[in-house]
Amino acid sequence: MADATLDAKGLNCPLPIVKAKKSLKGLNSGETLEVLSTDPGSILDFESFCKATGNVLMEQSENGGVFQFLIQKGA
């Protein structure tokens with residue numbers, strides 16, 4: 001269970017990343033953010049975002065055109 005959820009469905013790049021970055025600022029290190037997106041480009045975007053920011057992409061999945069990402073905030 002994530003500590004926070006961001007519904008970014010219907011938003012296109014770069015908005016899911018921008019909103020996720022803002023949401024992560026409100027979390028403590030080690031807490032998790034679930035992001036829901038319908039943008040197929042968000043798969044590569046979130047992989048790159050996590051590598052660049054030191055956050056951990058713990059899971060990613062797709063169900064009915066909705067992509068779900070579980071991100072753990074880094075130190």
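Which residue in strand 4 does Leu 36 stand opposite? Keep that in mind as we walk through the model.

**Before you select anything.** This is a predicted model, in which local features need pLDDT of at least 70, side-chain atom pairs count only at pLDDT 80 or more, and totals for chains, interfaces and linings use all residues. Residues are numbered from 1 along each chain as its sequence is written, and side-chain values use heavy atoms, with hydrogens and water left out.

**Stop 1: strand 2.** Select residues 32-37, which form strand 2; helices (H or I, at least four residues) and strands (E, at least two) are DSSP runs numbered from the N terminus. Five of the six residues here are buried, meaning under 20% relative accessible area with a 1.4 Å probe and protein chains only, where exposed is over 50% and partly exposed lies in between.

Stop 2: Look for Ala 4, opposite Leu 33 in strand 2.

**Stop 3: strand 4.** Select residues 66-72, which pair with strand 2 in the antiparallel sense over six bridges. Here is the opening answer: Leu 36 stands opposite Gln 68.

**Stop 4: the salt bridge.** Finish with Lys 9 and Asp 7, whose closest N and O atoms are 3.1 Å apart. They form the one salt bridge in the structure (a Lys or Arg side-chain nitrogen within 4 Å of an Asp or Glu carboxyl oxygen). Lys 9 is partly exposed at 37%, and Asp 7 is partly exposed at 47%.

Note on methods. Two strands pair if DSSP finds at least two bridges between them.
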